[in-house]
Amino acid sequence: MIGVFLDTETNGLNSQIHKIIEIAFVIVDLSSGELKEEFQTLVAQPIEAWEKSDQESLRINGFTWEEVSKGKMPRHVSQSIIDIFTRCG
């Protein structure tokens with residue numbers, strides 16, 4: 001059996017207006033404890049989304065616009081995740 005341990009950071013807690021700005025996960029074979037895959041990346045967001053950030057959330061997670069603006073485009077992040085999940089079955 002495979003386990004996926006997922007962590008995200010967002011620019012706020014309202015899913016209607018806030019976005020994921022970092023995603024990370026590991027995939028582990030739960031029978032053997034073997035690490036199958038690991039993934040971590042910042043997710044770029046347009047300035048319009050960043051301007052809607054909850055400042056308390058950013059204070060807690062510590063992310064800045066300079067960091068997030070250098071992240072990967074969401075479509076590339078999603079394709080990378082699809083590729084990893086396909087590889088792991």
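Mentor: One term to begin with: contact means heavy atoms within 4.5 Å. The model is a predicted one, where local features need pLDDT of at least 70, side-chain atom pairs count only at pLDDT 80 or more, and totals for chains, interfaces and linings use all residues. Residues are numbered from 1 along each chain as its sequence is written, and side-chain values use heavy atoms, with hydrogens and water left out.

Trainee: Which pattern does the chain follow along the sequence?

Mentor: Helices (H or I, at least four residues) and strands (E, at least two) are DSSP runs, numbered from the N terminus. The chain has 4 helices and 3 strands. Read along the sequence, the pattern is β-β-β-α-α-α-α.

Trainee: In what order do the strands form the open sheet?

Mentor: Two strands pair if DSSP finds at least two bridges between them. Here the pairing is antiparallel, and the order of the 3 strands is E1-E2-E3. The edge strands, each pairing on one side only, are E1 (2–10) and E3 (35–42).

Trainee: What is the bridge partner of Phe 5 in E2?

Mentor: Start with the two strands: E1 and E2 (residues 20–29) run antiparallel and are joined by 9 bridges. For Phe 5, the bridge partner in E2 is Val 26.

Trainee: Which helix packs on the sheet?

Mentor: Look for the helix touching E1, E2 and E3, whose direction makes about 175° with that of E3. Such angles run from 0 to 180 degrees between N-to-C directions, with axes being lines fitted to C-alpha atoms, for helices over the stretch in contact. The helix is H4 (residues 74–88).

Trainee: Is Asn 11 buried or exposed?

Mentor: Asn 11 lies in the loop between E1 and E2. Leaving aside neighbours within four places in sequence, Asn 11 is in contact with several residues, including His 18, Ile 21, Trp 50 and Leu 58. Buried means under 20% relative accessible area, exposed over 50%, and partly exposed in between (1.4 Å probe, protein chains only). The relative accessibility of Asn 11 is 1%, so Asn 11 counts as buried.
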